[in-house]
Amino acid sequence: MEYRKIKDEDNDGGTVSDDIENLRGKGFSGASVSNVPVREQSKWKRKTVVTLALTFLTSSQAILIVWSKRAGKYEYSVTTANFLVETLKCALSLAALARIWKTEGVTEDNRLRTTLDEVIVYPIPAVLYLVKNLLQYYIFAYVDAPGYQILKNLNIISTGVLYRIILKKKLSEIQWAAFILLCAGCTTAQLNSRSDHVLQTPLQGWIMAIVMALLSGFAGVYTEAIIKKRPSRNINVQNFWLYIFGMAFNAVAILIQDFDAVVDKGFFHGYSVITTLMILNHALSGIAVSMVMKYADNIVKVYSTSVAMLLTAVVSVFLFGFQLTLAFFLGATVVSVSVYLHSAGKLQR
């Protein structure tokens with residue numbers, strides 16, 4: 001089964017750049033929005049909404065995680081929280097499907113019944129993310145938290161490379177330059193007085209960081225590939241199967257890591273209102289990511305989450321007294337230039 005070739009002509013599987021080029025070809029540059037076909041307007045609006053939703057949800061994600069800690073520690077089990085996130089995503093997808101079935105009826109594209117060939121690919125992203133998440137526990141033996149945040153920016157480059165290799169999507173030279181600037185800008189914005197220590201990271205730490213970046217990038221690109229392989233398939237059906245396997249693998253993680261603690265203290269030990277809000281936020285963020293994969297692409301996701309990181313820092317000034325540094329403003333400027341260059345690069349393709 002081949003998932004590496006995603007046809008550019010699929011109406012629902014195209015990228016944002018495809019829409020820009022289509023609009024330009026129809027004289028959009030000198031015309032009013034009313035002259036653009038309704039279908040094009042609808043697709044552009046849908047992509048814009050899901051991208052903005054992902055940016056907002058991601059920016060508030062880190063804040064809720066910080067608030068969920070008590071005395072700097074998690075009193076609840078992280079693995080049980082991850083399991084509940086997958087469960088809630090699955091439930092929300094089913095609820096959306098039930099509404100669709102009620103209004104439109106059950107069709108070939110929105111029914112849950114599937115074939116082995118279709119469903120067998122869904123466990124792969126769940127396995128990749130599980131391995132990546134487990135590696136996070138071990139990488140801190142070689143690098144501190146600030147260094148880890150900087151090394152995480154390798155995900156940006158790995159996503160761009162794998163996007164080109166697996167999906168066969170071309171990026172212009174300007175877009176590649178913008179991607180490198182995005183990585184540099186995000187890294188610069190996170191610099192502090194201890195950041196030089198990241199250069200002293202042992203070889204094992206660098207290897208684990210690179211492997212985690214490749215796993216994250218491959219999981220994201222592969223998910224986009226399987227979601228777009230059948231453009232007419234309802235996104236809620238595809239999400240349901242993705243999240244079912246996510247639940248299964250997170251249940252395995254509970255058994256491996258926190259089984260004794262869950263048995264002794266209870267499944268919901270340490271949970272609070274903030275923890276509940278955090279789980280809801282993660283669930284909605286996950287669904288937003290799937291929709292960005294369906295209606296846009298991984299490149300849009302990377303830019304969205306990068307901008308969200310900057311928004312989180314700004315909000316943290318008011319909530320936690322976070323001090324913005326010169327490095328942050330320089331990094332934010334570089335990210336802004338990257339966003340502009342990426343958009344300009346689309347128009348020149």
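**Notebook: cores, spans and salt bridges**

I started at Ile 156, and, leaving aside neighbours within four places in sequence, I found it in contact with Phe 179, Leu 182, Cys 183, Cys 186, Val 302 and Ser 306. Contact here means heavy atoms within 4.5 Å.

A note on what I am looking at: this is a predicted model, where local features need pLDDT of at least 70, side-chain atom pairs count only at pLDDT 80 or more, and totals for chains, interfaces and linings use all residues. Residues are numbered from 1 along each chain as its sequence is written, and side-chain values use heavy atoms, with hydrogens and water left out.

For burial I used relative accessible area: under 20% is buried, over 50% is exposed, and partly exposed lies in between (1.4 Å probe, protein chains only). This core has 22 residues, and Ile 156 and Leu 182 touch the most other members. I then asked which helices supply at least two residues each. They are helix 7 (154-167), helix 8 (173-189), helix 9 (203-228), helix 12 (298-320) and helix 13 (326-347). Helix 8 gives the largest share, six residues. My helices (H or I, at least four residues) and strands (E, at least two) are DSSP runs, numbered from the N terminus.

I also found a second, separate core of 18 residues, which includes Val 119, Tyr 122, Leu 242 and Met 247.

**Annotated spans**

From the unreviewed UniProt entry I took the "transmembrane region" annotation, whose spans include 49-68 and 239-256. UniProt positions are in the numbering used here, feature names are shortened, and annotations may be inferred rather than shown by experiment. I checked both spans in the model. Residues 49-68 are 100% helix and 0% strand, with end C-alpha atoms 28 Å apart. Residues 239-256 are also 100% helix and 0% strand, and their end C-alpha atoms lie 26 Å apart.

**Salt bridges**

Side chains of opposite charge can pair when their charged atoms come close. My rule was a side-chain nitrogen of Lys or Arg within 4 Å of a carboxyl oxygen of Asp or Glu. How many salt bridges does that give? I count seven.

Glu 75 pairs with Arg 70, with the closest N and O atoms 3.0 Å apart. Glu 75 is partly exposed at 38% relative accessible area, and Arg 70 is partly exposed at 39%.

Asp 109 and Arg 230 meet at 3.1 Å, N to O. This pair links distant parts of the chain, 121 residues apart: Asp 109 sits in the loop between helix 3 (78-104) and helix 4 (116-119), and Arg 230 in the loop between helix 9 and helix 10 (235-265). Asp 109 is partly exposed at 26%, as is Arg 230 at 27%.

Arg 230 also meets Glu 118 (3.6 Å, N to O). Here the partners are 112 residues apart, with Glu 118 in helix 4. Is Glu 118 buried or exposed? I find it buried, at 17%. Salt bridges link Asp 109, Glu 118, Arg 230 and Arg 233 in a network.

**One backbone angle**

Last, I looked at Lys 168, in the loop between helix 7 and helix 8. Its phi is near 60°, a positive value in a residue other than glycine. Lys 168 counts as partly exposed, at 45% relative accessibility.

Note on methods:
Core = buried A, V, L, I, M, F, W, Y, C linked by side-chain atoms within 4.5 Å.
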